[in-house]
Amino acid sequence: MHGSLHRVSDVMTHAVVAVGREALFKDIVERMDQWQVSALPVLEGDGRVIGVVSEADLLPKEEFRDSDPDRFTQRHRLSDLAKAGAVTAEELMSTPAVTVHADATLAEAARIMALRHVKRLPVVNAEGLLEGVVSRGDLLKVFLRPDNDLADEIRRDVVDLLFPVPVEPVHIVVSEGVVTLTGRVPDAARIPLAVRLVRAVEGVVGVDCRLTAADE
């Protein structure tokens, strides 16, 4: 994995397991088990994503299998009760599907997952056609970048731009994704900006800034 990974297209899985709206409950469970995934996109004939079936959509069938829901449950969990009796993907799926575009940043994808409480996002194009899937695990791949790649990018895109003529050389040491900056620079006001920009580099785990400034 080389270079900064800023987009979903850099980490998404292109080979996607999906089902049609007529897929049966047992087939959905079997596919999830076979492919070790927690959710499946539901597709219209042309490949357009119309919903997602997740483990959470399937569990009500087991939860309410041998119970007689009281009035409170009937009133407040109508959707779950309906899914308990569902047999096809169309009846089970959550819709509209929570999706993301391939050109979205990894931060945007992570934000969507957190806000919508999902583990996987179908990746769609402008027409809503499925292009891939991105998971929480995919977003974490950026932390596998080699330390020397991170150091090269920080030197090129941050240090050399902010401090083209340092008072003393700026040294960049990266160990297990943690960046240490040392050196003496002309302008103290640029040091906090440098820290923010280094922290924003994909794959950086932490920043230890020991820069000092000549104007302090």
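Modeller: Start with Ala-110, which sits in helix H7, residues 106–116. Helices here are DSSP runs of H or I of at least four residues, strands are runs of E of at least two, and both are numbered from the N terminus. This is a predicted model, where local features need pLDDT of at least 70, side-chain atom pairs count only at pLDDT 80 or more, and totals for chains, interfaces and linings use all residues. Residues are numbered from 1 along each chain as its sequence is written, and side-chain values use heavy atoms, with hydrogens and water left out.

Ala-110 is partly exposed, because its relative accessible area is 35% (buried means under 20%, exposed over 50%, partly exposed in between, with a 1.4 Å probe and protein chains only). Now step 10 residues along the chain from Ala-110 to Arg-120: their C-alpha atoms are 9.9 Å apart.

Arg-120 leads us to the largest cavity. Its lining is Ala-39, Leu-40, Pro-41, Val-52, Arg-120, Leu-121, Pro-122 and Val-133. Strand S2 (39–43) and strand S5 (120–124) each give two or more residues to that lining. By type, the lining holds 7 nonpolar residues, no polar ones and 1 charged. Nonpolar covers Ala, Val, Leu, Ile, Met, Phe, Trp, Tyr, Cys and Pro; charged covers Asp, Glu, Lys and Arg; the others, Gly among them, are polar. The space in this cavity is about 40 Å³. The whole structure has 1 cavity of 30 Å³ or more.

How is such space found? Rolling a probe the size of a water molecule over the atoms shows where empty space is left. On a 1 Å grid over the protein atoms alone, a 1.4 Å probe fits in a cavity but cannot get out; a pocket is an open set with protein on both sides within 12 Å along at least five of seven lines; lining residues have an atom within 4 Å of a point. Points join across faces, edges and corners, and a volume is the space filled by probe spheres set on them.

The largest pocket holds about 400 Å³. It has 18 lining residues, with Ser-54, Ala-56, His-117, Val-118 and Lys-119 nearest its centre. Strand S3 (49–54) and helix H3 (55–63) each supply two or more lining residues. H3 gives the largest share, 3 residues. This pocket's lining divides into 7 nonpolar, 5 polar and 6 charged residues.
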